[in-house]
Amino acid sequence: MARVVVDVMLKPEILDPQGRAVAGSLRRLGLTGVTDVRQGKQFIIDLDGVVEGARLELIETLASELLSNPVIEDYKLQVIEDPA
Amino acid sequence: MSLRVGVVTFPGSLDDRDAARAVRIAGGEAVSLWHGDDDLKKVDAVVLPGGFSYGDYLRCGAIARFAPVMTSVVERANAGMPVLGICNGFQILCESHLLPGVLTRNDSLHFMCRDQRLRIENSVSSWTSDFVAGQEIVIPLKNGEGGYVADERTLDALEAEGRVVARYLEMNPNGSRRDIAGICNERGNVVGLMPHPEHAVESLTGPTTDGIPFFTSVLKSLVSA
């Protein structure tokens, strides 16, 4: 059993209107000193077996072709073998 | 014999019927295509209609891109078949890499629904040849994620190659870079457009009938091809 965690974030240069709106709400709710908020997505993929070799390559491909759009987003991929 | 223009229905498509109606009003035969079927039924062109395919899950158009019908559409588009993506269809064309860039959340965060003035800047694409370059039109616009984004080099290339098909006038409704409302591929057969020409084909229901030339253009381009 393995777990793959893929974090997808808008590239720094891409405007994030949702993050901006969240920043506004945080300030309205009394949080001081908010300089920026960026909103992203996290995918948690649980799989049977081990994640290596061609299977890991396929996951990398799917992370860049399906889970994220490289035109506007970056992703980070983390493999956790035997998650508790 | 009238030319056959396919209109794809994805789960969550909204404007497939209006698109089919626009095709018929322009004089073509509208053919329904199903997302799960890679058979294009011998159509001469394809419209990817507006709506919320797959509920806009993941990213707009991201899942529709992998629908079986899209394999055929991408293959035929690369071989020169005219394809028009409207709104969600434009998003699908970008996700399919038939067009560069991507459509992002409106900068205002508001869903915009209005009659939008546009300037047609390309009158040679398969879908805009019945316009005169510089012609101004008004057609409905309705989107939540219509902000066109691409890197500066891509934007410069689109401008230099005359591939900005239409630009927003009077106001930019969604934060699109350089007021871009629509673009085409290098060959000019694939066009993506955020506003909705299929809702402006009859004076009873549309603000104008300015949308008709998009559909007559493709029928003429097919006859002359």
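In the predicted model, β4(B) and β11(B) pair in the parallel sense over four bridges, with B:Gly85 standing opposite B:Gly192 in β11(B). Strand β10 (residues 180–184) of chain B is joined to β11(B) by three bridges in the antiparallel sense, and B:Gly182 has B:Leu193 as its bridge partner in β11(B). These two strands, β10(B) and β11(B), form a hairpin with five residues between them, and in the turn B:Gly188 adopts a positive phi of about 90°.

Strand β3 (residues 45–48) of chain B runs parallel to strand β4 (residues 83–86) of chain B, to which three bridges join it; B:Val46 is paired there with B:Val83 of β4(B).

These pairings belong to an open sheet of nine strands in chain B, with mixed pairing and the order β2-β1-β3-β4-β11-β10-β9-β6-β7. Because β2 (29–34) and β7 (136–143) of chain B stand at the edges with a single partner strand each, one side of each is left without a neighbour in the sheet. From one strand to the next, the twist averages 25°. Helix α1 (residues 16–25) of chain B packs on the sheet, where it touches β1 (4–9), β2, β3 and β4 of chain B, and its direction makes about 175° with that of β1(B).

Between the chains, eleven residues of chain B are in contact with nine residues of chain A. On the side of chain B that touches chain A, five residues are nonpolar, two polar and four charged.

Conventions
Residues numbered from 1 in each chain as written. Chains lettered and ligands numbered in written order. Predicted model: local features only at pLDDT ≥ 70, side-chain atom pairs only at ≥ 80, totals over all residues. Contact = placed C-beta atoms within 7 Å. Nonpolar A, V, L, I, M, F, W, Y, C, P; charged D, E, K, R; others polar. Pairing = 2+ DSSP bridges. Axes fitted to C-alpha atoms, helices over the stretch in contact; angles between N-to-C directions.
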